[in-house]
Amino acid sequence: MKELFNRHIAHTSEHPIGLEIDYAEGPFICTTDGRQYIDFISGIAVSSLGHRHPEVIRAIEEQISRHLHVMVYGEFIQKSQSEFAGLLTSLLPENLDRIYFVNSGTEANEAALKLARKHTGRKAFIAFNNSYHGDTMGSLSVTGRDVYRDPYLPLLSDVHFFDFNDSSVLKDISNETAAVIMEPIQGEGGIIPANTDWLTSVRKKCSETGTLLIFDEIQSGFGRTGKLFGFEHFDVIPDILTMAKAMGGGLPIGGLASSSEIFEAFKHNPPLNHVTTFGGHPVSCASGHAALKVLTNSNLMSNAANIEQKIRASLNIDGVVEIRGKGAMLGLELEDKNLTEKMVIGAMNDGLILGWTLHSNTLVRLAPPLIMDEKTLDRAIEIVISNMK
Ligand code: PMP
């Protein structure tokens with residue numbers, strides 16, 4: 001397998017981690033050499049219910065016994081899509097009453113940017129330094145890190161970047177701005193939550209100028225922060241909400257939620273404005289629907305708060321400069337790059353998978369599954385502590 005992986009899979013890093021996966025169950029990933037790892041990154045905030053949750057597997061089996069792909073989203077009536085959209089919108093604020101399903105996070109942002117331009121008839125976007133919105137051209141255009149943008153210039157023009165949580169942005173949101181796009185809790189940028197007052201004033205300025213506010217909750221959504229969506233912590237409601245990652249319970253799917261009125265812009269000129277052959281795949285919708293039912297009918301979201309509390313209490317140790325984030329979306333800022341590298345590699349050798357963010361080499365990202373039990377959490381914390389020495 002290694003030989004095929006090395007010869008025929010295109011790689012995006014010089015030294016891929018190279019764990020050879022055998023199976024994954026609950027909070028564990030098992031490799032073909034017989035080792036068991038605690039998954040503390042959840043495939044980057046995807047497997048929030050752990051791996052192969054039985055309700056999710058049951059829903060997938062039920063769906064595959066009836067049909068797989070039949071027709072692009074929005075034309076045929078498919079039970080799993082309609083039920084998933086129905087449940088999801090019932091849990092969202094009133095203005096977010098429709099969902100357009102796509103395949104991934106970056107595609108959700110692409111569609112959101114297009115929808116904002118089409119609805120407002122304006123061109124300009126406002127985005128934030130250190131943000132991350134995905135790796136396709138449109139999403140990369142609103143991603144706030146030159147190191148990722150520069151090799152691909154020219155990107156979309158008329159995108160204006162400001163510091164996150166800095167009120168200098170307010171004077172630039174005008175009746176020429178199509179949308180302001182942001183992660184209410186920046187993920188790859190270092191797990192940085194928005195400041196509530198600032199977010200409230202951005203919302204106010206957007207409403208005054210007819211600018212759409214897009215929240216990218218691709219990483220912070222579906223219970224990760226202890227609430228269904230991160231914006232609930234701030235009491236600020238977006239015009240468009242983008243989502244993916246944990247949305248599919250482990251299968252690929254993305255989506256954007258907005259109002260019926262705003263989605264009108266997708267109905268004509270051109271027809272089928274954002275075609276996405278596999279968007280809202282019925283098996284992913286069945287899986288996502290089941291995952292959402294589990295999430296809302298259990299105490300998993302409150303477990304995110306327990307996880308946070310325990311980590312904050314136990315990892316207030318030498319070498320950890322700051323613990324940031326909310327719920328089970330946390331970042332440990334360590335003293336320096338060498339310690340970070342030593343800790344993450346040491347933990348992996350001891351059976352704990354941690355994450356780095358794209359933008360910082362001193363930040364260790366923690367995104368454990370919300371089903372994490374006390375004993376496994378204790379073991380994970382022990383491994384972190386022993387590798388900080
Ligand atoms: N937005 C945010 C906030 C993300 O964290 C990510 C993925 N890390 C994306 C967008 C892109 O999602 P995808 O990889 O599914 O395209």
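Helices and strands here are DSSP runs (H or I of at least four residues for helices, E of at least two for strands), numbered from the N terminus. The model is a predicted one, so to speak of local features a pLDDT of at least 70 is needed, side-chain atom pairs count only at pLDDT 80 or more, and totals for chains, interfaces and linings use all residues. Residues are numbered from 1 along each chain as its sequence is written, and side-chain values use heavy atoms, with hydrogens and water left out.

Two strands count as paired if DSSP finds at least two bridges between them. In general, the strands of a sheet pair through backbone hydrogen bonds, either parallel or antiparallel. β1 and β2 (residues 28–31) run antiparallel and are joined by 4 bridges, with Ala24 opposite Ile29 in β2. Next along, β2 and β3 (residues 36–39) are also antiparallel, with 3 bridges; here Cys30 faces Gln36 of β3 as its opposite number. β3 and β15 then pair in the parallel sense over 2 bridges, and Ile38 has Leu352 in β15 as its bridge partner.

Turning to the ligand, it sits in the largest pocket. A pocket is worked out on a 1 Å grid over the protein atoms alone, as an open set of points where a 1.4 Å probe fits, with protein on both sides within 12 Å along at least five of seven lines; to sit in one, a molecule needs more than half of its atoms within 2 Å of the grid points. Around the ligand are 13 residues, of which Gly105, Thr106, Asp216, Gln219 and Lys245 come nearest (near means a heavy atom within 4 Å). By class, this shell has 2 nonpolar, 7 polar and 4 charged residues, with Gly counted as polar. Helix α5 (residues 105–120) gives the most to the shell, with 3 residues.

A polar backbone atom of Tyr132 is 3.4 Å from a ligand nitrogen. Taken alone, the ligand exposes 390 Å², and the protein buries 82% of that (Shrake-Rupley areas, 1.4 Å probe).

Methods. A polar contact is a pair of N or O atoms within 3.5 Å; within protein, one must be able to donate a hydrogen and the other to accept it, and residues adjacent in sequence count only if both atoms are side-chain atoms. On a 1 Å grid over the protein atoms alone, a cavity is a set of points where a 1.4 Å probe fits but cannot get out, and a pocket is an open set with protein on both sides within 12 Å along at least five of seven lines; lining residues have an atom within 4 Å of a point.
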